[in-house]
Amino acid sequence: MNVTKVLGIVLPPVVVGAVLLGVWQLVVVGFDIQPYLLPAPSAIWSAALDRLGAIWDAMFVTGTNALIGLIVGTLFGIAMSFVLMRFQTMNELVTPLAIALNAIPIIVLVPVFNNMFSSTTEVPRRLMVTLIVFFIVMINVAKGLRQVAPIHLELMKSYAASPREILVKTRIPNAVPYLFTALKIAAPGAVITAFVAEYFGGRQNGLGYSITSNAASSRTDAMWAYVVGACVLGLVFYLVSAGLERATSPQQQVGGLAPGGATSS
Amino acid sequence: MSGGSPTPAGTANVVAVDGASMVFNEGASNEVDALCDIELVIRPGEFVSLIGPSGCGKSTLLRLIANLLSPTAGTVLVNGKSAHQARVDQDYGMAFQQSGLFEWRSVEKNIELPLELKGWKKADRRARAAEMLALVKLSEFSQHMPWQLSGGMQQRVAIARALAAHPSLLLMDEPFGALDEMTREHMQSELLRICAAAGTTVVFVTHSIPEAVYLSSRVVVMSPRPGRITNMIDVPLGDDRGEDTREDDSFYGLITEVREALRASETSDPVGGSVRGIEDR
């Protein structure tokens with residue numbers, strides 16, 4: 001991609017964002033809105049500059065919780081998906097349960113975890129993130145391992161392939177895109193979970209805690225500064241997982257189409 | 001094989017189907033008589049087409065020969081051994097209506113897959129893949145991914161893959177069914193050239209009468225409910241077929257003969273009606 005093309009993609013949203021910030025600033029100044037209701041972007045900016053170190057520390061705490069939960073949940077999710085693939089009855093038992101669990105806000109389990117484990121450690125929060133990521137990864141990867149094109153299975157049978165060869169050469173490669181789709185959903189979910197888990201008490205160090213405590217003491221400009229930190233953290237997680245997906249997707253490896261175009265899916 | 005080596009009696013036939021029947025869901029309320037008492041012998045170097053309306057069991061018969069299904073009665077021998085043993089030995093290559101390429105493998109790696117499973121060394125696999133790509137005239141696309149190729153090119157890769165291990169038998173299930181007419185005719189000529197060069201025996205399922213006549217040395221006509229063979233028609237158009245063959249009077253005569261055989265097989269069917277799923281073009 002050349003510079004003008006990159007600018008063509010990046011510039012419009014940046015301009016829209018800048019205009020919105022400008023309107024926000026004008027409205028707050030023009031209508032004389034009190035800072036405890038809505039601080040101006042300039043006030044948030046100076047509040048953020050005042051406590052850059054503290055915001056960075058809070059981002060680091062919440063980000064570490066999200067990352068550890070993401071990694072552990074992904075590893076367990078992959079392991080469990082192989083079990084589900086291997087045992088049909090297990091799949092029939094676990095998958096509907098996992099889907100049901102995904103539909104309810106299991107984040108409300110955080111106080112339970114706070115009771116079960118000491119609320120002076122990060123364990124309850126990391127456990128919560130792990131649980132959320134685990135189900136997303138397990139369901140998607142198990143689907144990828146199972147939903148192999150029937151023609152591929154028929155071909156492998158015609159080659160007299162062993163079950164292990166079918167696993168290694170057909171099922172696992174088939175599941176790779178499903179894993180990255182799961183990670184693209186799970187990564188921002190991990191940040192949100194790590195962040196919201198702090199609302200339920202526990203140690204007083206992360207982004208979520210800092211937002212609630214600043215809100216409680218009416219330091220709205222400082223609260224918004226931490227919100228900006230939360231936005232940046234979520235974006236970083238999303239961009240890394242989207243980048244991973246892009247790098248591993250076969251459609252991105254070679255540029256250009258052969259004459260006649262593509263027909264395969 | 002047309003290798004000329006003396007073959008012991010009893011193994012001279014590439015395919016020998018003896019009294020084979022296939023019943024799906026036997027004993028259940030949705031029981032289907034897919035095939036009934038099939039007798040079919042195919043000799044080395046023959047190109048045999050199976051033609052018939054939808055539901056006549058032609059694909060089922062092909063899958064019995066491939067040992068992707070096992071008959072409920074009767075026997076199927078391939079190269080003088082059981083169909084199961086022939087599959088384990090990879091005596092045949094197979095191609096379907098969809099190319100079925102593995103989308104995470106390059107064209108070259110797709111062709112190498114059956115060789116990988118046979119335990120070939122990497123250098124040998126690479127050399128054979130290059131040879132097969134030259135045969136289907138796609139050498140410059142070896143590093144492309146399947147989605148970068150047109151439908152016709154993908155199908156050529158699938159044929160190259162089916163032939164990669166130099167099988168004595170090629171089983172094809174409507175391999176050109178999804179292609180446009182021009183590509184299809186071109187692919188038919190390519191297939192004849194490739195199989196003549198390798199001396200491959202072919203069993204070819206189709207629902208197109210002109211395709212069956214153009215390609216085959218023998219056309220096997222089938223009828224449904226239960227699936228059975230009603231007629232066998234020899235196609236004496238010679239080994240050197242080209243675009244002129246399609247204009248030939250004897251070509252049209254044979255098309256008429258196959259069509260009438262299909263109609264005749266239909267009249268024996270109590271349900272009756274027109275010949276379904278058959279292309280006259």
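Let me start with Asp32(A), which is exposed, with 6 other C-beta atoms within 10 Å. By exposed I mean that 12 or fewer other C-beta atoms, placed from the backbone, lie within 10 Å of the residue's own, whereas 20 or more make a residue buried and anything in between is partly exposed.

Before I go on, please keep in mind that this is a predicted model, in which local features need pLDDT of at least 70 and side-chain atom pairs count only at pLDDT 80 or more, while totals for chains, interfaces and linings use all residues. Residues are numbered from 1 along each chain as its sequence is written, and chains are lettered from A, and ligands numbered from 1, in the order in which they are written.

Asp32(A) lies in the loop between helix 1 (3–30) and helix 2 of chain A, where helices are DSSP runs of H or I with at least four residues, strands are runs of E with at least two, and both are numbered from the N terminus. Although Asp32(A) is not a glycine, it has a positive phi of about 55°. Another residue of chain A, Ser218(A), is not a glycine either and has a positive phi of about 60°; Ser218(A) sits in the loop between helix 9 (207–216) and helix 10 of chain A, and it counts as exposed, with 11 C-beta neighbours inside 10 Å.

Helix 2 of chain A contributes Ala43(A), Ile44(A), Ala47(A) and Ala48(A) to the contact, and helix 10 of chain A contributes Asp221(A), Ala222(A), Trp224(A), Ala225(A) and Val228(A); two residues are in contact if their C-beta atoms, placed from the backbone, lie within 7 Å. The residues of this contact divide into 8 nonpolar, no polar and 1 charged, where Ala, Val, Leu, Ile, Met, Phe, Trp, Tyr, Cys and Pro count as nonpolar, Asp, Glu, Lys and Arg as charged, and the others, Gly among them, as polar.

Let us now turn to chain B. Chain B has 8 helices and 10 strands, and its radius of gyration is 19 Å, close to the 19 Å that the globule rule gives for 281 residues, so chain B is as compact as a globular protein of that length. The radius is taken over C-alpha atoms, and the rule is 2.2 Å times the number of residues to the power 0.38. Of the 281 residues of chain B, 44% count as buried.

Where does the burial show up in a single element? In helix 3 (residues 107–117) of chain B, 8 of the 11 residues are buried, so this helix is largely enclosed by the rest of the structure. The buried residues of helix 3 pack against helix 4 (122–135) and helix 5 (151–163) of chain B, and helix 3 of chain B is followed by Gly119(B), whose phi is positive, near 85°.

Now for the sheets. In chain B, 4 strands form an open sheet in the order 2-1-4-5, with antiparallel pairing; two strands pair if DSSP finds at least two bridges between them. Strand 1 (residues 15–24) of chain B pairs with strand 2 of chain B over 7 bridges in the antiparallel sense, and Met22(B) stands opposite Leu35(B) in strand 2. Strand 1 is also joined to strand 4 of chain B by 5 bridges, again antiparallel, with Val15(B) having Val78(B) as its bridge partner.

A further 6 strands of chain B form an open sheet in the order 6-7-8-3-9-10, with mixed pairing. Its edge strands are strand 6 (92–95) and strand 10 (228–234) of chain B, each pairing on one side only. Strand 6 pairs in the parallel sense with strand 7 (residues 169–173) of chain B over 4 bridges. Helix 5 of chain B packs on this sheet, touching strand 6 and strand 7, and its direction makes about 165° with that of strand 6 of chain B.

Note on methods: Axes fitted to C-alpha atoms, helices over the stretch in contact; angles between N-to-C directions.
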